Amino acid sequence: MHCLPNAPVVIGCCGGGSNLSGIALPFVPDDEVRLVAAEPSSCPTLTEGTFDYDFGDTAGMTPLLAMYTLGHEFVPPPIHAGGLRYHGDAPIVSSLVRSGRMEAVAYPQGKTFEASIQFANAEGKLPAPETGHAIRAVIDEALAAKETGEERVILFNFSGHGLLDLSAYDDYLHGRLIDA
């Protein structure tokens with residue numbers, strides 16, 4: 001799957017895959033649209049995990065599912081305040097990444113909070129840290145298009161507000177949020 005460099009792009013944050021799937025799956029049949037999953041570098045299932053059969057839960061009670069996984073016993077670092085902490089990804093998302101139909105990028109939480117603050121200053125809405133992963137990918141896509149002088153349509157899923165995450169924003173703004 002090779003889209004044109006200036007192809008429209010659909011971006012969503014990805015922990016287990018529900019937010020990403022909701023925005024991206026309708027575009028799967030259109031080969032001219034790039035699909036991008038943005039995940040945390042502290043829980044990099046799609047970018048560093050293995051494609052294997054694993055349990056969908058940490059207790060090992062579900063049937064084995066084909067997915068990108070860090071292992072159902074994976075415990076994310078306690079410093080990670082940006083959400084998206086699931087050990088694996090939905091089989092359909094995993095399949096799309098494995099086939100090359102969907103791309104995956106991973107960001108450290110400092111970069112996602114930076115992007116979220118930039119978005120809040122521009123749009124007046126404080127994003128959830130999970131949403132910040134998608135926003136970071138959107139900003140990177142927009143900057144890449146600007147650098148090459150290309151027009152690019154970018155669609156992303158603003159999947160939640162950050163009003164319940166104000167302490168994490170406070171930690172970020174005061175240098176107490178450890179980057180991972």
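Guide: Gladly! Let us start with rings: those of Phe, Tyr and Trp (its six-membered ring) pair if their centres lie within 6.5 Å, and planes over 60 degrees apart count as edge-to-face. Please keep in mind that this is a predicted model. A search of the whole structure finds five aromatic pairs.

Visitor: Why is the pair of Phe119 and Phe156 called edge-to-face?

Guide: The ring centres of Phe119 and Phe156 are 6.2 Å apart, and their planes stand at 85°. The limits are within 6.5 Å for a pair and over 60 degrees for edge-to-face, so Phe119 and Phe156 meet both.

Visitor: What makes this a pair that ties together parts apart in sequence?

Guide: Phe119 belongs to helix H4 and Phe156 to strand E6, so the pair ties together parts that are 37 residues apart in sequence. Elsewhere, ring pairs link Phe113, Tyr169 and Tyr172 into a cluster.

Visitor: How do you know that the length of helix H4 agrees with what it should span?

Guide: Helix H4 has 15 residues, 109-123, and at 1.5 Å a residue they should span 21 Å. The C-alpha atoms at its ends are 20 Å apart, which agrees.

Visitor: What do the buried residues of H4 pack against?

Guide: They pack against strand E5 (102-107), helix H5 (129-148), strand E6 (154-156) and helix H6 (166-173). Among the buried residues of H4 are Phe113, Ile117 and Ala120.

Visitor: Why is Thr112 counted as buried?

Guide: Thr112, which lies in helix H4, has a relative accessibility of 1%, so Thr112 counts as buried. Leaving aside neighbours within four places in sequence, Thr112 is in contact with Tyr107, Gly132, His133 and Arg136.

Visitor: Why is Arg152 called buried?

Guide: Arg152 sits in the loop between H5 and E6. Its relative accessible area is 19%, and buried means under 20%, so Arg152 is buried.

Visitor: What makes the link between the side chains of Arg152 and Glu141 a polar contact?

Guide: The side chains of Arg152 and Glu141 make this contact at 2.8 Å, where the cut-off for a pair of N or O atoms is within 3.5 Å. A polar contact of 2.8 Å also joins the side chains of Arg152 and Glu150.

Visitor: Why is strand E2 called mostly covered?

Guide: Seven of the seven residues of E2 are buried. Arg34, Val36, Ala38 and Pro40 point one way, while Leu35, Ala37 and Glu39 point the other way.

Visitor: How do you know that strand E1 and E2 pair?

Guide: E1, residues 9-13, and E2 share five bridges in the parallel sense, and at least two are needed. Cys13 stands opposite Ala38 in E2.

Visitor: Where does the largest nonpolar core get its residues?

Guide: The largest nonpolar core has 14 residues, and Leu20, Ala24, Leu46 and Met102 have the most contacts inside it. Helix H1 (18-24), strand E2 (34-40) and helix H3 (91-99) each supply at least two residues of this core. Apart from this core lies another, of 10 residues, including Ile11 and Val138.

Notes
Residues are numbered from 1 along each chain as its sequence is written. This is a predicted model: local features need pLDDT of at least 70, side-chain atom pairs count only at pLDDT 80 or more; totals for chains, interfaces and linings use all residues. Side-chain values use heavy atoms; hydrogens and water are left out. Helices (H or I, at least four residues) and strands (E, at least two) are DSSP runs, numbered from the N terminus. The expected span of a helix is 1.5 Å times one less than its number of residues. Buried means under 20% relative accessible area, exposed over 50%, partly exposed in between (1.4 Å probe, protein chains only). Contact means heavy atoms within 4.5 Å. Rings of Phe, Tyr and Trp (its six-membered ring) pair if their centres lie within 6.5 Å; planes under 30 degrees apart count as stacked, over 60 as edge-to-face and the rest as tilted. A polar contact is a pair of N or O atoms within 3.5 Å; within protein, one must be able to donate a hydrogen and the other to accept it, and residues adjacent in sequence count only if both atoms are side-chain atoms. A nonpolar core is a set of buried Ala, Val, Leu, Ile, Met, Phe, Trp, Tyr and Cys residues joined through side-chain atoms within 4.5 Å.
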